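Dear colleague,

Please read them alongside the coordinates.

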Amino acid sequence: MQAPSRWCRWASLPCPSVREAAFMYSTAVAVFLVILVAALQGSAPPESPFLYRIPLDPEESLELSWNVSYPQEAIFFQLLVKQLKAGVLFGMSDRGELENADLVVLWTDGDTAYFADAWSDQKGQIHLDPQQDYQLLQVERTPEGLALLFKRPFGTCDPKDYLIEDGTVHLVYGILEEPFRSLEAINISGLRTGLQRVQLLKPNITFPATPSDTYTMDIHAPDIQIPNQVTTYWCYIHELPEGFPRHHIVKYEPIVTKGNEALVHHMEIFQCAPEMDNIPHFNGPCDSKMKPDRLNYCRHVLAAWALGAKAFYYPEEAGIAFGGPGSSRYVRLEVHYHNPLVIEGRRDSSGIRLYYTDKLRRFNAGIMELGLVYTPVMAIPPRETAFVLTGYCTDKCTQLALPPSGIHIFASQLHTHLTGRKVVTVLARDGREWEIVNQDNHYSPHFQEIRMLKKMVSVHRGDVLITSCTYNTEDRELATVGGFGILEEMCVNYVHYYPQTQLELCKSAVNAGFLQKYFHLINRFNNEEVCTCPQASVSQQFDSVPWNSFNRDVLKALYDFAPISMHCNKSSAVRFPGEWNLQPLPKVISTLEEPTPQCPTSQGRSPAGPTIISIGGGKG
């Protein structure tokens, strides 16, 4: 129930004693903020102490900025509310749902303004969290709006709180249009809400300076009109100058047309296959019937950016080669526009700026595909909540294909199609899981970027790289098979490394003969419902499987124990010499333990109840 219309103005102040306490608190916070800025962002300009900034909503009325403090294991947020009405809620949830979300809420009952740590139940009802882990540091009126500065530990050991970890975070928000008599009177069903995906825990690494002898190349579609639909993938072919010699890309950064920051979701540049000596020019939607088929041969990732990401730097000793012999003159830009308000007539020239040099660095950087081969023999049954498929880069392949000194992975891009929910790649050495290369427990196929690793991962000859993907097919009636189609599935980790080797693809799939044995086995228990005749494709066979618990469990067992077919491939798509079929699964006798979240002390928490705040002029 909403409060009656006796609502005063937001500028109404608390009683004098509270005002005095607020003044003392804001003075202490001001000193703390100076220390915070100096500690975290000493090189940043005073007017912009936050490294990272994104718009939360399509109208850009909510703007989130943040810094990460790894020593304190905490994030410092600034939420800028440009058009304050009766309040705002902000938080995180597993997949971007507003139900069962971890929230912080600013609201008014008509007389007084409050700030509190809260959570929503499965019906969307808001509740006060008895453990207040969002710590309000400052409230300030600025020319742009109301700025809330608050702090949140990565982990709180509160069962109602979201654990902030590496990978994608689904941020949620809601706009309160009218006052509420209490926090518990708020239900998200009556609010204007939305979500935004971002990587909050950016790596705390030192980026090299951009060399003075670099050139720049802007790859962008010129002044296109963003279609008035929710989701658009726009493709544009860019041609390098004729005779363009070999260069190294050492850095790239986004170019986003001003005013479209909330619409440009992510962008990628793909290099076309070198054997394609002529790619037709194209500038239009990627799913257009007018798109030339040859664009499908432009799949080699050169650069990838997603909302919230900054510039991407290569290590000082390496660069990605492009141009020159053996390299295509054509690249494909793909821009994902997310236009939930279906805005019409918006023009855009967003793209990616490449920084490159003709002073070649010591090492060529390479990109290697890990995970599963694109084949229908790897499938996910329908109506599964968390089905896991695993692909291997075996010790036999790394022993044969890697140089004696090994390789060094410095960045990674995880990739699945629509049902992917988690992705992880683990390095195993001598039968023991050694370290995680990259992991995303809240992965979204709608948010993909090349991420710098917090620390470089060295891979030696004889090491194993294990990539596992978790899928959710609750809304599907038929099995989802592996393949290139968007309704089929993939499980890939594109790792960026140096020095470049001939090994470009190190992936696996279950042996096809053993899959046929699976179909024969389940026929014995299911009245011969699956056709095992030669004319039936694997996809057709999976479509006819009756998905009872026995058939599901046997398929899981098959993937966990059956021999695999290894693809230990050179860039020419030719396998390295050797026997790669009917290979045993790598033996792993010891796995990594899950890290235990560090619980913050009660000293860092706010009072158990809501904080009364003043949001009149100036700081509070």
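Two strands are taken to pair if DSSP finds at least two bridges between them, and the strands themselves are DSSP runs (E, at least two residues), numbered from the N terminus. The model is a predicted one, in which local features need pLDDT of at least 70 and side-chain atom pairs count only at pLDDT 80 or more, while totals for chains, interfaces and linings use all residues. Residues are numbered from 1 along each chain as its sequence is written, and side-chain values use heavy atoms, with hydrogens and water left out.

On that basis, strand E4 (residues 87-93) and E5 pair in the antiparallel sense over 6 bridges, with Leu103 in E5 being the bridge partner of Gly91. E5 also pairs with strand E6 (residues 113-120), again in the antiparallel sense, over 7 bridges, and Asp102 has Trp119 of E6 as its bridge partner. A hairpin is formed by E5 and E6, with 4 residues between them, and Gly110 in the turn has a positive phi of about 110 degrees.

Because 7 of the 7 residues of E5 (residues 102-108) are buried, this strand is largely enclosed by the rest of the structure; buried here means under 20% relative accessible area with a 1.4 Å probe, protein chains only. Asp102, Val104, Leu106 and Thr108 point one way from E5, whereas Leu103, Val105 and Trp107 point the other way.

Elsewhere, 4 strands form an open antiparallel sheet in the order E26-E31-E28-E29, whose edge strands, E26 (387-393) and E29 (432-440), each pair on one side only. E26 is joined to E31 (residues 464-471) by 7 bridges, and Phe387 has Tyr471 as its bridge partner in E31.

Best regards

How values were computed: Buried means under 20% relative accessible area, exposed over 50%, partly exposed in between (1.4 Å probe, protein chains only).
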